[in-house]
Amino acid sequence: MATTSSLATAAVLLLAAAAAVASAVLTGSSSNKGDVLQGPDDLCLGCICEATTNCNLTFGCSRGLCGPLLISQPYWKDAGEPTLQGDSPQREGAYFRCVRDPYCAAATVRQYMNKFAQDCNVNGHVECDDFARIHYLGGYQCNLPMESLLYYQVFRQCLNSVQQLNG
Ligand SMILES: *[C@@H]1O[C@H](CO)[C@@H](O)[C@H](O)[C@H]1NC(C)=O
């Protein structure tokens, strides 16, 4: 059990590192966007990753959802079709290559959140809890209840843990 949990933690941190790079890349390429909205930070993406696939970085696809963050093709399109460097959205398999790559998958989630960020839980803030809801429920119905879902429970537990680690 300790082994499982430390493996998962390692994957979360790896994804978080990938997210940090994706964030740097995105920030660099869209510096004219200003500081309109704070997107998910790296630990937030790590916990979403943990909740979706136990942050399995070698996960393939299941029922049209691919990669460690279980990103569908419509989600990827809504996110603006990010690709691996040198790839093109029009090339066959660009979606699959992106969402299976930790950096590109993290970039996809960030771009999706840029588009759909909202106060799903109506607590007056747009924060990680909202991003987790949007990731699972999509941008158009993120106020649906999800407290009973395993996804959400794992996410909350992860977030509580990393928040304690961060003091
Ligand atoms: C990750 O996903 C792959 C493909 O579904 C699976 O074979 C592997 O066992 C999973 N790894 C873990 C640690 O769950």
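The buried residues of helix α6 are C128, D130, F131, A132, R133, I134 and H135. They are seven of the 10 residues of α6, so this helix is largely enclosed by the rest of the structure. The elements that cover the buried residues of α6 include α2, α5 and α7. After α6 comes G138, which has a positive phi near 85°. The model described here is a predicted one.

## Overall organisation

The protein chain contains seven helices and two strands. The protein chain has 167 residues, of which 37% are buried.

Contacts can also be sorted by how far apart the partners stand in the sequence. Among contacts in the protein chain with a separation of 6 or more, 58% join residues 24 or more positions apart.

In soluble globular proteins, nonpolar side chains tend to be buried together. The largest nonpolar core in this model has 36 residues, and the members that touch the most others are C47, I48, L69, I71, V99, A105 and V109. At least two residues of this core come from each of α2, α3, α4, α5, α6 and α7.

I48 shows how such a residue is surrounded. When neighbours within four places in sequence are set aside, I48 is in contact with L69, V109, F131, A132, H135 and F155.

## The packing of α2 against α7

Two packed helices are described by the angle between their axes and the distance between the axes. Helix α2 covers residues 42-53 and helix α7 covers residues 150-165; their axes come within 8 Å and cross at roughly 145°. This crossing is right-handed.

Which residues form the contact between α2 and α7? From α2, the residues are L43, C47, I48, E50, A51 and T52, and they meet Y151, V154, F155, C158, L159 and V162 of α7. By class, the residues of this contact comprise 10 nonpolar, one polar and one charged.

## The residues around the ligand

The ligand has N54, N56, T58, F59 and G60 around it. This shell holds four polar residues, one nonpolar residue and no charged residue.

G60, one of the residues around the ligand, lies in the loop between α2 and β1, the latter covering residues 61-62. Is G60 buried or exposed? G60 has 9 other C-beta atoms within 10 Å, and a residue with 12 or fewer counts as exposed, so G60 is exposed. The C-alpha atom of G60 is separated by 8.9 Å from that of F96, although the two residues are 36 positions apart along the chain.

Most residues other than glycine have a negative phi. E81 has a positive phi, near 55°, and is not a glycine. E81 is placed in the loop between α3 (73-78) and α4 (94-99). It is partly exposed, with 16 other C-beta atoms within 10 Å.

V122 likewise is not a glycine, and its phi is positive at about 50°. The loop that holds V122 runs between α5 (102-116) and α6 (128-137). V122 has 9 C-beta neighbours inside 10 Å and therefore counts as exposed.

Technical notes:
Residues are numbered from 1 along each chain as its sequence is written. This is a predicted model: local features need pLDDT of at least 70, side-chain atom pairs count only at pLDDT 80 or more; totals for chains, interfaces and linings use all residues. Axes are lines fitted to C-alpha atoms, for helices over the stretch in contact, and angles run from 0 to 180 degrees between N-to-C directions. Helices (H or I, at least four residues) and strands (E, at least two) are DSSP runs, numbered from the N terminus. A crossing is left-handed if the near helix is turned anticlockwise from the far one by less than a right angle, and right-handed if clockwise. Two residues are in contact if their C-beta atoms, placed from the backbone, lie within 7 Å. Ala, Val, Leu, Ile, Met, Phe, Trp, Tyr, Cys and Pro count as nonpolar, Asp, Glu, Lys and Arg as charged, and the others, Gly among them, as polar. A residue is near a molecule or strand if its C-beta atom, placed from the backbone, lies within 6 Å of it. A residue is buried if 20 or more other C-beta atoms lie within 10 Å of its own, exposed if 12 or fewer, and partly exposed in between; C-beta atoms are placed from the backbone. A nonpolar core is a set of buried Ala, Val, Leu, Ile, Met, Phe, Trp, Tyr and Cys residues joined through C-beta atoms within 7 Å.
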